[in-house]
Amino acid sequence: MKIHSFYIEDAEKHGVEKAVILYNLRFWLEKNKANEKNLHDGYYWTYNSAKAFATLFPYYNSSKIHRLLTQMESEGLVPVSYTHLRAH
């Protein structure tokens with residue numbers, strides 16, 4: 001059984017849908033910080049595709065995830081980087 005959590009304050013301010021995603025992102029960011037992994041440009045990062053998020057959150061489809069992440073970026077809740085599009 002999977003358990004999904006969120007902070008009530010985030011849900012009140014941004015809605016439950018965004019609060020669930022924020023909680024997940026914070027978990028991974030804190031884990032990366034503790035393990036000193038994925039530090040770029042002064043920020044700890046995590047990454048996932050909308051499709052992968054939809055697998056983690058089966059009550060959202062990838063289109064919904066994409067819309068939520070786009071809204072969260074425009075609201076300044078999460079920075080987004082498209083480093084996977086750059087040639088290395």
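The model is predicted: local features need pLDDT of at least 70, side-chain atom pairs count only at pLDDT 80 or more, and totals for chains, interfaces and linings use all residues. Residues are numbered from 1 along each chain as its sequence is written, and side-chain values use heavy atoms, with hydrogens and water left out. Helices (H or I, at least four residues) and strands (E, at least two) are DSSP runs, numbered from the N terminus.

**The nonpolar core**

- A nonpolar core is a set of buried Ala, Val, Leu, Ile, Met, Phe, Trp, Tyr and Cys residues joined through side-chain atoms within 4.5 Å.
- Buried means under 20% relative accessible area, exposed over 50%, and partly exposed in between (1.4 Å probe, protein chains only).
- The largest nonpolar core here has twelve residues, including Val20, Ile21, Leu22, Phe53, Ile65 and Met72.
- Helices α2 (16-34) and α4 (62-74) each supply at least two residues of this core.
- In soluble globular proteins, nonpolar side chains tend to be buried together.

**Contacts of Ile65 and Ala54**

- Contact means heavy atoms within 4.5 Å.
- Beyond its neighbours within four places in sequence, Ile65 is in contact with Ile21, Ala50, Phe53, Ala54, Phe57 and Tyr60.
- Ala54 belongs to helix α3 (residues 50-56).
- Ala54 has a relative accessible area of 16%, so Ala54 is buried.
- Setting aside neighbours within four places in sequence, Ala54 is in contact with Tyr60, Asn61, Ser62 and Ile65.
- Ala54 and Val20 are 34 residues apart along the chain, and their C-alpha atoms are separated by 12 Å.

**Aromatic pairs**

- Rings of Phe, Tyr and Trp (its six-membered ring) pair if their centres lie within 6.5 Å; planes under 30 degrees apart count as stacked, over 60 as edge-to-face and the rest as tilted.
- The structure holds seven aromatic pairs.
- One of them joins Tyr7 and Tyr23, a tilted pair with 5.2 Å centre to centre and 55 degrees between the planes.
- This pair links distant parts of the chain: Tyr7 sits in the segment before α1 (8-14), and Tyr23 sits in helix α2, 16 residues apart.
- Tyr7 is partly exposed because its relative accessibility is 41%.
- Tyr23 is also partly exposed, at 32%.
- The rings of Phe57 and Tyr60 have centres 6.3 Å apart and planes at 50 degrees, so this pair is tilted.
- Both Phe57 and Tyr60 are buried.
- Ring pairs join Phe53, Phe57, Tyr59 and Tyr60 into a cluster.

**Helix α2**

- The expected span of a helix is 1.5 Å times one less than its number of residues.
- With 19 residues, α2 should span 27 Å, and its end C-alpha atoms are 27 Å apart, which agrees.
- Its buried residues are Lys18, Ala19, Val20, Ile21, Leu22, Asn24, Leu25 and Asn32.
- The buried residues of α2 pack against α1, β2 (43-44), α3 and α4.
- Asn32 has a relative accessible area of 8%, so Asn32 is buried.
- Not counting residues up to four places away in sequence, Asn32 touches Lys37, Asn38, Tyr44, Trp45 and Thr46.

- Glu36 is in the loop between α2 and β1 (39-40).
- Glu36 is not a glycine, yet has a positive phi of about 50 degrees.
- Glu36 is exposed, with a relative accessible area of 66%.
- Asn38 is in the loop between α2 and β1.
- Asn38 is not a glycine, yet has a positive phi of about 60 degrees.
- Asn38 is partly exposed, at 28% relative accessible area.
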